[in-house]
Amino acid sequence: MHDPMPSMRLTARQAMAAVSDAYTEAPPPTDPGGGGPDGPLGWHGYDDSRARARARTGEDESVVTAVATLGGTEVVLVSFEFGYLGGSLGERTGDRLVAAYALARERRLPLVSLIATGGSRMQEGMRALTQLQRVAGESARNRAAGLAQIAVLRDPTTGGGWATLGAGADVILALPGAQVGFAGSRVRPADADPYAYSAEGQLAAGHVDAVVPADEMRATLRRWVKLLGAKRTSGAAAAPAPAPSALGAGDLPATGWDAVVRARAPRRPRAEAYLRAYFDDREEIGGDRCGGVDNGIRCGFGHHDGRTIAFVAQCGTATRPAGFRTAARLVHLADRLGIPLLTLVDTPGAANDAAAERAGAGAAIADAFAALASARVPVTSLLIGEGGSGGALALAAPGRLWATPDSYFSVIAPEPAAAILKRGPQEVHHTADELRIRPQDLLELGVIRGIVPAR
């Protein structure tokens, strides 16, 4: 049986009821009053428009806030009422959003926003637009406090609502077919591709983590708040994630070339097998928030032995700049939330084609190195296959790297190493031995801390 459906066309309260077990509405901040007729601009007819919106929706503003329970986890819930002036943000909307963020900090709770808005309220002019600065400031305070923010994009999510609560969230989920974009349908270029302004288009461009069917949203949100919503102490106090057991060969390779052949074997266990064996359940983020997606890397959070562990896993392909940026995004998020991290290293190297260079391969790899180097939470890394040069090292924890028996790590793969040394193909195997790339060589050299046994 499917969970209740948080439809894009539900009212604010219906959407809250659809995703939560129960909620208690938060009292709105006291209206200071004193404003003149028709708002700060004296916009003719504004008071009448608000009165009609109240009569039509039963709400006196475009957002409703509450403390809610989702699958046993408490959250602060913000829900937009699109029927009230298109879910637009005005000064009183800003007051309610600021109060919601402050309540989340006071109660140490994640904030979940159910967004449906056309943007800032024209009838309040710049007084409305500056609410975006207030929301951005509150969001930054919650990030600094180590509290998760999750957004659900309903239809539409445009303008400042997308550029603050939506795109500024840690995890962004969207309903299928939702209109999502900074430009609303009436102000974008006439010849603009509508796909670019859709939930699906934003997912393909790396700006949304998942498009979730309406009847699955409640269960998905429950999993996310359970993973990210636990109250934690400082990140430095988190215990490291234990290294997974090896899933492939248990014996060590005899030669360097044997190590290469075993790591490249098509049937050797890959990231998916390790993630499935390690985690009881998991959810993934996707995209670098810069317009790119790399399907050869998996990033997210899962439960292992009753606690949340973050993960970054290379899938055996050449890692593209978007993959490194997505990994860095995940590391920063785990660090802010005080969640220990596991990385699974498996790549022939960083992508080095012209497209990768244009996309900033060097800068993206630098970001990944910096993210791991500066992480305050403990990071555990396991080499599960190929360790190809800097593209692999960028996701290996300094001083906390283990290896499986069917893996290797090399400054460069044996074939190009032989070519650089002007050696013939017949000398590749000898070059592999000289590079000392077997797990036992890496242990002797002090590159890894240990070789994990097979299950």
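How many of the 8 residues of helix H6 (residues 159–166) are buried? The close-ups below take up this point and then turn to salt bridges. The model shown is predicted.

**Close-up 1. Helix H6 is largely enclosed by the rest of the structure.** The helix covers residues 159–166. Of its 8 residues, 7 are buried, so the rest of the structure largely encloses H6.

**Close-up 2. Asp60 and Arg96 form a salt bridge.** Side chains of opposite charge can pair when their charged atoms come close. Here the N to O distance is 2.6 Å. Asp60 sits in the loop between helix H2 (46–57) and strand S2 (63–70), and Arg96 sits in helix H3 (residues 91–107), so the pair ties together parts that are 36 residues apart in sequence. Arg96 has 11% relative accessibility and counts as buried.

**Close-up 3. A salt bridge joins Glu415 to Arg264.** The side chains meet at 2.6 Å, N to O. Both partners lie in helices: Glu415 in H15 (residues 414–420) and Arg264 in H9 (residues 256–264). Glu415 is partly exposed, at a relative accessible area of 31%. Arg264 is partly exposed as well, at 30% relative accessibility.

**Close-up 4. Arg268 and Asp346 meet in a salt bridge.** The N to O distance is 2.7 Å. This pair links distant parts of the chain, 78 residues apart. Arg268 is in the loop between H9 and helix H10 (271–278). Asp346 is in strand S12 (residues 341–347).

**Close-up 5. Five residues share salt bridges in one network: Glu272, Arg276, Arg282, Glu284 and Arg298.** Shared partners join these residues together. How many salt bridges does a search of the whole structure find? The search finds 34.

Methods:
Residues numbered from 1 in each chain as written. Predicted model: local features only at pLDDT ≥ 70, side-chain atom pairs only at ≥ 80, totals over all residues. Heavy atoms only, no water. Salt bridge = Lys/Arg side-chain N within 4 Å of Asp/Glu carboxyl O. Helix = DSSP H or I, 4+ residues; strand = E, 2+ residues; numbered from the N terminus. Buried < 20%, exposed > 50% of the residue type's maximum accessible area, 1.4 Å probe, protein only.
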